Every structure is written in C-alpha cells, then in structure tokens.
Amino acid sequence: MTPGPEAECAASCVSSITSSGHRVCLLTADGVRIEAAHTPRRAPSEADPAPCADTPAIVLAHGFTGALERPALRRAAAAFSQHADVITFSFRGHGGSGGRSTVGDREVEDLAAAVRWARALGHRRVATVGSSMGGSVVLRHAALHGPGEHGERTDAHPDTVVAVSAPARWYYRGTAAMRRLHWVITRPTGRLVSRLGLRTRIHPEDWDPVPLSPTEAAGLIAPTPLLLVHGDRDPYFPLDHPRMLMSAADPATAELWIERGFGHAENAAAPELLGRIGEWITAHTPA
C-alpha cells in the first residue's frame with residue numbers, strides 16, 4: 001500500500017532545520033507532526049539576495065479545512081513572498097499533518113512550531129498572519145507567547161500579528177454559514193463528511209477547559225503591533241466581531257481595516273489586499 005501524506009510526514013519528521021526552500025515536517029510541543037514549507041522571498045535582485053537574518057518571515061495560519069497545498073494559501077504565500085520569506089503549514093488534522101483538529105484550541109502549538117522553525121532558519125523578525133480559525137489562533141498565540149501576563153516571551157513569539165476574518169467569540173451561530181460549520185464539528189455525520197469530503201479530521205471531544213477567547217487575547221497582545229482585517233460581506237462573522245476585537249486591543253498598537261466588498265478569509269482575499277497587508281507588515285515589523 002502506498003503511504004499517504006501523513007505517513008510521509010511522520011517518516012521525515014524533524015524538530016528543527018537549517019536549510020530553506022523546501023518542505024519539512026515539524027514536531028509540536030505536544031507531539032503532533034505538522035507538514036510545513038518555506039518559500040524564499042522573491043528579492044528584486046536575485047544575484048544579491050538579502051541575508052536570512054535581515055529578511056522578515058511571514059508565517060501563514062490558514063482557516064478551517066485549509067491546508068498547505070490549497071490554492072488560496074499558495075496564492076497568499078506567493079503574494080507575501082514579494083515582501084518576506086514565507087512559512088506555510090497545515091494545522092493538525094488538515095492535509096498531510098497528523099492529529100485531529102481542535103478547531104482553534106491546540107492549534108496554537110502548531111503555529112508555535114512554525115514560528116520556532118522560522119527563527120531556526122535565522123529570521124530575527126517574524127510576523128504571523130492568520131485567517132478565520134487561523135485568525136483566532138494568531139491572536140491567542142501572540143497572547144500566550146508574548147510579554148503579557150499569560151506567558152513569558154519565548155523563541156515562538158511573533159513580532160507582528162495580522163488577523164483576517166477572525167471571530168471575536170466562541171460558539172457563535174448567528175449566521176447560516178456558522179450553523180452549518182457547527183453541524184460539521186459537533187455531529188458524527190458532520191465529522192465523517194469533513195474527513196471524507198474536506199480532508200479534515202476533527203477531534204470528537206468538546207473543549208475542556210474552554211480556551212482564552214480571541215477578544216480576551218486581543219487585549220494581551222500589546223506592545224506587539226496588531227492589524228485586524230475584516231470584510232463587510234463576510235458570510236461567517238459580521239462586523240461586530242472585528243469591532244469587539246479592536247475595542248479590546250490597545251489602540252496605540254492596533255489597527256482595524258474594514259474592507260468594502262471583501263468576503264471571508266484567504267479564499268476571498270484579492271491580490272491588492274494581500275499586497276497592502278504585506279506592505280503593512282514590512283512597515284510594522286520592528287528591526
């Protein structure tokens with residue numbers, strides 16, 4: 001029998017790596033194998049590329065049912081590689097990564113492993129960009145791995161954070177799209193559909209304890225620069241979500257962009273928006 005991508009990931013798993021421009025398998029702090037890839041920055045002059053330490057890295061955290069190989073994530077990685085080296089990965093339970101999805105809880109460990117890998121590659125400046133579920137993960141990750149009261153600054157800390165189409169609170173069912181998503185997550189039939197049709201394996205147990213909410217996390221991120229991006233046509237989370245996040249964040253270090261006509265997450269992000277986010281990261285990632 002030919003091994004699947006998860007088995008291949010397990011066979012090649014490493015805890016750190018010093019080369020670039022290829023795919024690896026990372027091991028999280030709680031022992032889950034995560035597939036990841038490094039895309040070098042497309043320097044203006046390929047004959048004189050900037051040293052890795054001087055080039056920022058952007059770590060992309062995808063939304064629920066996304067994965068490293070999904071076209072939307074590859075498109076975002078290509079856009080951001082105009083500004084920085086890019087690290088992409090599949091959250092646990094997604095794509096070729098191991099484990100099962102906890103829909104935003106233990107995924108913080110996956111992002112931490114990817115940030116540690118970026119620093120192992122030599123990057124002194126690392127930005128995290130998350131969409132939808134990934135947006136909630138980058139917020140909680142920054143709160144838990146930053147200078148706030150919930151954790152000391154570690155080698156997994158981000159220097160800049162961008163949350164796109166992120167929820168503000170858990171268990172939200174106020175839109176038809178979120179009611180469908182809750183059916184997928186909470187029902188055995190829904191989880192079977194997710195595994196077979198969406199290539200996403202979901203953990204069947206409820207959260208215990210309930211993790212820090214995105215809004216609570218947003219209040220713990222300063223002084224790390226934070227950008228919140230949300231569309232006025234988001235079918236999952238209406239505009240009260242980004243406004244709640246912004247109201248909890250420090251206005252001295254956070255910005256909110258309400259994008260006219262923008263839908264949801266990386267699937268709807270136009271090249272122009274990705275370019276502006278990349279420029280904001282370059283301007284707000286401290287040297």
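In the predicted model, strand β3 and strand β5 (residues 85-89) pair in the antiparallel sense over four bridges, where strands are DSSP runs of type E with at least two residues, helices are DSSP runs of type H or I with at least four residues, and both are numbered from the N terminus; two strands are taken as paired if DSSP finds at least two bridges between them. Within this pairing, H38 has I87 of β5 as its bridge partner. Strand β3, which spans residues 33-39, is also joined to strand β2 (residues 23-27) by five bridges, and these two strands likewise run antiparallel, with L27 standing opposite R33 of β3. Strands β2 and β3 form a hairpin with five residues between them, and G31 in the turn adopts a positive phi of about 85°. Of the seven residues of β3, six are buried, and the strand is accordingly described as mostly covered; here buried denotes a relative accessible area under 20%, exposed one over 50%, and partly exposed a value in between, computed with a 1.4 Å probe and with protein chains only.

Residues are numbered from 1 along each chain as its sequence is written, and side-chain values use heavy atoms, with hydrogens and water left out. Because the model is predicted, local features need a pLDDT of at least 70 and side-chain atom pairs count only at pLDDT 80 or more, whereas totals for chains, interfaces and linings use all residues.

The chain as a whole has 10 helices and nine strands, and 56% of its 287 residues count as buried. Among contacts (heavy atoms within 4.5 Å) between residues at least 6 apart in sequence, 75% join residues at least 24 apart.

Helix α4, comprising the 12 residues 133-144, reaches 17 Å from its first C-alpha to its last, which is close to the 16 Å expected at 1.5 Å a residue, the expected span being 1.5 Å times one less than the number of residues. Because 11 of its 12 residues are buried, α4 is largely enclosed by the rest of the structure; the buried residues include M133, V137, R140 and H141. Two residues of this buried set, M133 and V137, are in contact with E107, which, when neighbours within four places in sequence are left aside, is also in contact with F91, R92, S101 and T102. E107 is found in helix α3 (residues 107-120) and is buried without forming a salt bridge, since no such pair is assigned to this residue and the nearest side chain of opposite charge, R92, is 5.0 Å away. For this assignment Lys and Arg count as positive and Asp and Glu as negative, while His and the chain ends are not counted, and a salt bridge requires a side-chain nitrogen of Lys or Arg within 4 Å of a carboxyl oxygen of Asp or Glu.

The structure holds 12 salt bridges. The side chains of E109 and R106 meet in one of them, at 3.9 Å from N to O; E109 is buried, with a relative accessible area of 17%, whereas R106, at 35%, counts as partly exposed. Both residues belong to a network of salt bridges that links D30, R92, R106, E109 and D110.

A further salt bridge is formed by R169 and D240, whose closest N and O atoms are 3.1 Å apart. This pair links distant parts of the chain, 71 residues apart, with R169 in the loop between β7 (160-164) and α5 (176-186) and D240 in helix α8 (residues 240-248). Both partners count as partly exposed, R169 at 28% relative accessibility and D240 at 32%. The side chains of R276 and E259 also meet in a salt bridge, at 2.5 Å from N to O. As R276 lies in helix α10 (residues 271-284) and E259 in strand β9 (residues 254-259), the pair ties together parts that are 17 residues apart in sequence; R276 is partly exposed at 26% relative accessibility, while E259 is buried at 13%.

Finally, T55 lies in the loop between β3 and β4 (57-61) and counts as buried at 5% relative accessibility. The C-alpha atoms of T55 and R124 are separated by 8.0 Å, although the two residues are 69 residues apart along the chain.
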